[in-house]
2 protein chains.
Amino acid sequence: MPQENSAAKVLFHLKQDILTGFFVAGHKLKMSALKERYQVGVNPLREALSQLVVMQLVQVHDQRGYRVCPVSQTELVDIYDTRAHIESLCVGLAIERGDEAWEANIVAAAYRLQSNADLLKADGDLQAWEKLHQGFHYAIVKGCGSEELLRVRLDLYEKASRYRNLWLKHNAGHGAFDVNQMEHEQLVTAVLARDLESAKKLIFKHIIVPSQVLQGLL
Amino acid sequence: MPQENSAAKVLFHLKQDILTGFFVAGHKLKMSALKERYQVGVNPLREALSQLVVMQLVQVHDQRGYRVCPVSQTELVDIYDTRAHIESLCVGLAIERGDEAWEANIVAAAYRLQSNADLLKADGDLQAWEKLHQGFHYAIVKGCGSEELLRVRLDLYEKASRYRNLWLKHNAGHGAFDVNQMEHEQLVTAVLARDLESAKKLIFKHIIVPSQVLQGLL
DNA sequence: TGTTAGGTTAATATCGACATTTTAATCCTT
DNA sequence: AAGGATTAAAATGTCGATATTAACCTAACA
């Protein structure tokens, strides 16, 4: 990566630290501690924090500093419900608009996901699996062709990942991969057959159902 | 308003200046000029600019400062198309979930809009009319009950307003209010009758059609 | 014993200054 | 005279310092 300013580097790492749960919800983000951790001055820190405020990962209280946004069951339900609707919208548009290259990419991504699923189930590198998983679903929704919609989708995915990582911490290595894999196959079939209604229903469930498991943790 | 830090004040004003077109697309945002205009130091400015970068209203080039994001016909089409889909989604969910208070608020907002429409057509205070218009549509979508979805909707609305204000500048006092008003009446009827399909189609057109006029300006 | 007032400590928000980098303007060479 | 190199000017990114504000602890009083 090219030389980027300190704020951008801090943003990247701090965002990671929040999403992965290193800084838990509600945690007070003291300048002194952050300066120490990221080895930068206050001003780049404030810039990064300002950006995280817009992303709704950090709250700012005037003259009272910054804190990691609290999590709540209400927000969890809302995010996953919204994600399900947005993803469903993306899939629908992708089926209407997707071309041949789009189809090929889906098949490729599905193959990569499936061939690595077994390996990862063994050694338990869930973050790596999640990346493939993400890539698979992105291959599908990419067909909608809308930068704006894909951005909205990504924002929601990132907001959700804080909750998802919460789950990974408590349920390390205890994944329901088999069910998941079957859902993926059904999804690919419906999408490639351009079966709009089935595909939209499948993806909606694929997002909503796991969120119901998550709800038990809060 | 309570005492808020400088960055928040700058953010508000600078955002306004960009959305209303005071700072046109592509304009270089020099620190010296911004310091002069908003009467603050560099650091609050950089915080505000960082936030606007996340909102995709400002671009940052490393060591080369900030510029207002360029506009393009591609983005215009994408934003309005996405807005139409999102708004349609909101309306659909609102019809499914809205209660009696929601219905009452719609009727109230529609009344306010209609009773002020004639007045504003005369003296031409389009910004005030736009606020009522916004309020009317918000009253409808509010029924979806999803904070996340409403936030996505608001973000897109704000991004679109830069294009809308571009139109207002070139077409001052030349509104198609009558057509608009009729569409609103049809929408209210469909929504209150909980006619999902009609309402979704109406709102989709209500957003898409004006955007096609806008496309001529770029 | 619970509460409030005062003083102490710590943290935040902002500014001015400096080092670094980019932009421009000028000058030299061919 | 044109193009490239060199120098000057301006702008950016970062840090340290300072004033202001909130949080905390202690102690006195009801």
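This is a predicted model: local features need pLDDT of at least 70, side-chain atom pairs count only at pLDDT 80 or more; totals for chains, interfaces and linings use all residues.
Residues are numbered from 1 along each chain as its sequence is written, chains are lettered from A and ligands numbered from 1 in the order in which they are written, and side-chain values use heavy atoms, with hydrogens and water left out.

Entry: the interface. I find 31 residues of chain A and 32 residues of chain B in the contact (heavy atoms within 4.5 Å). The area buried between the two chains is about 2700 Å², 48% of it from carbon and sulfur atoms; buried area is the accessible area (1.4 Å probe) that two parts lose on being put together, summed over both. On the side of chain A, Glu47(A), Val54(A) and Glu148(A) lose the most area to chain B, together 22% of what that side buries.

Entry: bridges between chains. I count 6 salt bridges across the interface of chain A and chain B, each a side-chain nitrogen of Lys or Arg within 4 Å of a carboxyl oxygen of Asp or Glu. Glu148(A) pairs with Lys159(B), the closest N and O atoms being 2.9 Å apart; Glu148(A) lies in helix 7 of chain A and Lys159(B) in helix 7 (residues 147-170) of chain B, so this pair joins two chains. For helices I rely on DSSP runs (H or I, at least four residues), numbered from the N terminus. Arg46(B) forms a salt bridge with Glu47(A), with closest N and O atoms 2.5 Å apart. Asp81(B) and Arg97(A) meet at 3.0 Å, N to O, and this pair crosses from helix 4 (residues 73-97) of chain B to helix 4 of chain A. Asp81(B) is buried at 17% relative accessible area, whereas Arg97(A) is partly exposed at 37%.

Entry: a bridge within chain A. Lys159(A) forms a salt bridge with Glu75(A), the closest N and O atoms being 3.9 Å apart. Lys159(A) lies in helix 7 and Glu75(A) in helix 4 of chain A, so the pair ties together parts that are 84 residues apart in sequence. I find Lys159(A) buried at 9% relative accessibility and Glu75(A) buried at 18%. Glu75(A), Lys159(A) and Glu148(B) are linked in a network of salt bridges.

Notes
Buried means under 20% relative accessible area, exposed over 50%, partly exposed in between (1.4 Å probe, protein chains only).
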